[in-house]
Amino acid sequence: MSTVHLFMKAYLIMDQRISLKWWLHILLFNLLFVFSLGEVRYVLPEEMQRGSVIGNVARDLGLQVAVLEARRSRVVAEGTSQLCELDTASGNLLISQRIDREELCAQASVCILQYQLLFEDPLQAYSLVLDIADINDNSPVFAAGEIKLDLVESTVLGRRFPLESAHDPDLGTNSVREYKLSPNDHFALEMSTQINGNAYPELVLKKALDREAQAEHVLKINGIDGGSPVRSGTASIHIRVLDANDNVPVFSQRVYKASVPENSAIGTVIARLNATDPDEGVYGEITYAFSHLSEKTGRVIEINPLSGEVRVAGLIDYEDDITHELDVQAKDGGGQASHCKLIIDVIDVNDNKPMIEIKSASANVAEDSKPGTMVALINVYDLDTGSSGRVTCTIPDNVPFKVVSEVKNYYMLVTDGILDRELQPEYKITVTATDAGSPSLSNVNVITILVNDINDNPPTFTQSEYNANILENQPAGTFVMKVKAEDTDEGSHAKILYQISRDTHSEASSFLTIHSETGELFTSRLFDYEQSVHFQIKVTARDGGDPPLSTTCTVNVFIKDQNDNAPVVLYPAQTSGLITEDMVPAEAPRGYLVTKVVAVDADSGHNAWLSYRIITATRPNLFIVGLHTGEIRTVRAFMEDDEPKHTVVVLVTDNGPETLSATVTVSIAIDDGLPVLNELFELADESQDSDNLTLYLIIALAAVSSLFILLISGVFYFKLCRRGYVYRSPTANLPVFPTAYCPPHFTDLSRCGTLLKDERYDSFLTTGSWRGDFRFGSNTDTDTLKQRSAAYQKNTLRRVSTDRASLKVRAGAPHTCYVFK
């Protein structure tokens, strides 16, 4: 529907009797509708019903209706009330509140309302101008319902008496056009024009008055406007006929002009009016009063009825009215009066702070927003005029935002840097608007902006590497340790799930399980220290972002030994039905080395420290075994009544919390033909024992002093050399015997490649002093033993000692293995 048709329909609703002249007037106004330079102007009458269509904005701007809602369009007012609204579904501009031209624009000849059609995405604004046309919706009203005049009966014919004109807030033809006086014989009504062009009625005496004939005259005056339909107002004129008051007060000026700054103090003198009356007595006493003074103006301006001083009576605001036009009446004691015009110009001062209105604000902005992203749309304006109405908008420099203006009085708050929620999750932007007045005034508004999190931070473990210890033989599901990762993001981006990294080249990743939410690690199998003492896994922490971010830490798990292996006897070998006999010369002295029990324990540390003691012997006091060496020596020299063969049962125990043990049976035969070897006995020399004790103390002191360095070196070396497992002895120089005497799961670490499982050795070297221990260990008969003894006596037997033996040592192991050739 076109704008002209809309006006026609509205006027038909209001009154079906609108004249053709009025329609031509409205059509002429609508021809003033313009659409240029982003401005749309509509001419509409006042008092249209709410919901009435002013015009179709989309069609007039050449836009699709769907664009209005897609670009988040709306109509905003600049410092005035919101009288219209936009229907984005149809594109129509609708009346939202009552529009009263007289209330909005008073007596202004042109009533213009300025609005902005605002598009937010992207930002664009069009100017909407509403030209409010006047309709005849007000009747003329006289300020006083009764006009009183006192006339002297001697008043000459043709004397004119100005009357107060009726007031009609409508304009043009809708205002007062004529006055009519009720029929009478003495008075007529004529119109007179003031300097400013305003017409007012005057009562003219046409017939001489005779107080004695008629002392009072009551007339009716009607003020009629030129609207259609015609509206009128009536006042009563009460005339008393008096004697001798033949002069009317006269103002010194027909029009007074004055000015006053707004916000002037109450009582400030604006102007002084002066009227004179040459009459004497009560007829020369003049009183001043305003005519047609509105209630609003009466609250801010007053006149002294005796002196004629016009003063400030209330708050004068330039933004309410820039000019006050007042009719002033001077009346003498006889009731005769004259009128003048007082024009007061209000001088604008910078008394209004700039206004800041947030038209659109995004309370949240993503931390990865690109520079230039609009966060808020700000409307800044000032009700003052001139330089006092020019406003600038600023924000602090220490924030990653800036203000940009592309449309008058509108500023966009946009990002101007990189946002990081982890550094600052919230900004309180202080927007300052400052005018150019003197002195300048400013206003502030605070916009709170929350920075939305994105997944830009991977989880971080509290340690890059964790170390855990667990005893071997613990059941599956045993708690090992807890790893913890933290994420500086928030919400789902900070929710961390843990998992063990699956390495295709290592089975260690299956040794443990992990609770995906708490990071607690549990065993998934039994561990055997003798098979593995250390393994390493990777744990990955992954957050809940999209895409997710992750990080990895290393968990080193060290298996701690338990005393779960009993000692194993290597020598003498115990086979079913066959026990090796050890030969000892009958002439052997006290302390003679008979043989040596050699045992090992697969455990480590204290659990592998072995102790030896005899639990059963043919002769209880004949042999003794070394507590830690396992060497069996004679306690005394043999006597004739001693048995030729002896059986000694030796108990081997470890040093674990719960002791494990093994027993070995040693068979010893006394042979008269064997020579006594000096290297195989030791004298019970107290001085030598004392020397040995001193030596042991020195060695122990040196060992304790270097324990810390050796421990660190051993751990480092242990990480580099994890290739197998070895028999360990409680002493550092324990020999390694052929693999035929070793359990099948032990490994030969000699690396010489010359030992086979089926090889047998006739000679064994045991631990002891530098003298070296030598025994025969075969199942041959006595003749063979004698032959070997003879061969030894003939120096055909090779002497083996610890300082001449070829030995292979696994460096760094707590138990040393020797292989003799």
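Buried means under 20% relative accessible area, exposed means over 50%, and partly exposed lies in between (1.4 Å probe, protein chains only). Leu695 counts as partly exposed because its relative accessibility is 44%. The model here is a predicted one, where local features need pLDDT of at least 70, side-chain atom pairs count only at pLDDT 80 or more, and totals for chains, interfaces and linings use all residues. Numbering starts from 1 along each chain as its sequence is written, and side-chain values use heavy atoms, with hydrogens and water left out.

Leu695 sits in helix α7, residues 686-705; helices (H or I, at least four residues) and strands (E, at least two) are DSSP runs numbered from the N terminus.

Next comes a sheet. Strands β46, β50 and β49, in that order, make up an open three-stranded sheet with antiparallel pairing; two strands pair if DSSP finds at least two bridges between them. At the edges are β46 (593-596) and β49 (623-625), each pairing on one side only. β49 pairs with β50 (residues 631-634) over three bridges, in the antiparallel sense, and Val625 has Ile632 of β50 as its bridge partner.

As for cysteines, the whole structure holds one disulfide, meaning a pair of cysteine sulfur atoms within 2.5 Å. Cys105 and Cys111 form a disulfide with their sulfur atoms 1.9 Å apart. The link of Cys105 and Cys111 is right-handed, with 60 degrees about the S-S bond, and both residues are buried. Cys340 is buried too, at a relative accessible area of 2%, and Cys553 is buried at 1%.
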